[in-house]
Amino acid sequence: MTNGISDWTEIDNGLVPIDDGELFYEVAGEGPAVVLLHGGMLDQHMWDEQFSWLVNSGLRAIRYDSRGHGLSSTVAGDYANHDDLCALLDALDVPSAVLVGLSHGARVALDTALAHPDRVMALALASPGISGRAFTDPFVLEHIKEQVAAIGEPDGAERYIEHFLRMWVDGPHREPSAVHPGMRERLRASAEANVEVHADGLGAGIPLEMGAFDRLGEIRVPTVVLDGDLDSTDISANAHAITLAVPGARRVRIPGAAHMVNLENTAFFDQELHAFLSSLPY
């Protein structure tokens with residue numbers, strides 16, 4: 001076994017051309033396609049635990065680094081994440097897929113369901129972001145302000161990343177010391193690598209989005225929302241809004257977890273995601 005994936009399973013990877021760059025992806029398995037979309041400042045490896053069992057569950061698991069992240073191209077101008085995702089689906093000959101996104105990845109998944117509804121079979125939205133909705137939680141706003149203040153300072157990158165970890169790993173209800181140190185350092189390393197590699201892309205272009213917050217009622221695919229009970233009020237409000245507006249959407253609260261629900265309560269998250277994927281009429 002390698003990474004929990006059977007030795008006979010081949011993991012394919014490559015680069016797909018997009019406007020002004022390329023996306024790095026990995027794909028393994030046969031069956032209905034499930035695309036994993038990572039959070040902001042992270043990369044596809046935040047899904048290592050899930051990638052393995054998805055492949056072993058008879059699904060075609062696809063994960064990739066979004067533009068400005070991981071091994072994909074640095075941002076060089078305005079772009080649309082939902083169009084980038086469709087370029088990837090086209091290149092891999094995937095007519096439609098289940099989208100599993102966390103945080104910014106959920107934001108991209110919602111935008112894709114609105115911009116390209118024929119390409120989306122179902123949505124699993126973890127700790128969801130939503131385009132067209134501003135942050136209002138004082139905890140989040142304060143850390144964003146501190147991040148902005150850190151830009152250009154001698155120790156700016158380090159401070160910027162620490163505020164990222166406070167917001168999106170620790171959350172508003174606990175100190176860093178209460179978080180699993182291995183997980184925190186894993187995510188710090190991922191964020192540091194992104195900042196180092198893609199620093200030139202900061203401010204180089206803006207993502208064009210769909211303003212999904214006012215259009216959630218248009219979504220017509222099976223949807224599950226998974227959010228942690230230790231996350232910010234912004235994310236709880238997003239989860240609530242999606243569940244109210246999307247017909248048939250179901251919300252699952254993940255206990256003992258803040259934003260990174262798939263890594264903090266992995267067994268519970270995997271069980272709920274597996275149940276959702278098993279219920280779909282492929």
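Select Val35 to start, and you will find that Val35 stands opposite Leu99 in strand 5, where helices (H or I, at least four residues) and strands (E, at least two) are DSSP runs numbered from the N terminus. The model is predicted, so local features need pLDDT of at least 70 and side-chain atom pairs count only at pLDDT 80 or more, while totals for chains, interfaces and linings use all residues. Residues are numbered from 1 along each chain as its sequence is written, and side-chain values use heavy atoms, with hydrogens and water left out.

Next, select strand 5, residues 97-102. Strand 3 (residues 33-37) runs parallel to strand 5 and is joined to it by four bridges, while six bridges join strand 5 to strand 6 (residues 120-126), again in parallel; two strands pair if DSSP finds at least two bridges between them. Within this second pairing, Val100 stands opposite Ala124 in strand 6.

Is strand 5 buried or exposed? Six of its six residues are buried, so strand 5 is largely enclosed by the rest of the structure, where buried means under 20% relative accessible area, exposed over 50% and partly exposed in between, with a 1.4 Å probe and protein chains only. Ala97, Leu99 and Gly101 lie on one side and Val98, Val100 and Leu102 on the other, and both faces are covered.

Now widen the selection to the whole sheet, which is open and mixed in its pairing, with eight strands in the order 1-2-4-3-5-6-7-8. Strand 1 (12-18) and strand 8 (250-254) stand at the edges with a single partner strand each, so one side of each has no neighbour in the sheet.

Then turn to the nonpolar core, a set of buried Ala, Val, Leu, Ile, Met, Phe, Trp, Tyr and Cys residues joined through side-chain atoms within 4.5 Å. The largest has 45 residues, and among those with the most contacts inside it are Val100 and Leu187; helix 5 gives the most to this core, with six residues. Select Leu187, which, leaving aside neighbours within four places in sequence, is in contact (heavy atoms within 4.5 Å) with Leu42, Leu165, Val169, Met260 and Leu263.

Finally, select helix 4 (residues 138-150) and helix 5 (residues 156-170), which pack at an angle of about 170° with their axes 8 Å apart. Because angles over 145 degrees count as roughly antiparallel, under 35 as roughly parallel, 65 to 115 as roughly perpendicular and the rest as oblique, helix 4 is roughly antiparallel to helix 5. Axes are lines fitted to C-alpha atoms, for helices over the stretch in contact, and angles run from 0 to 180 degrees between N-to-C directions.
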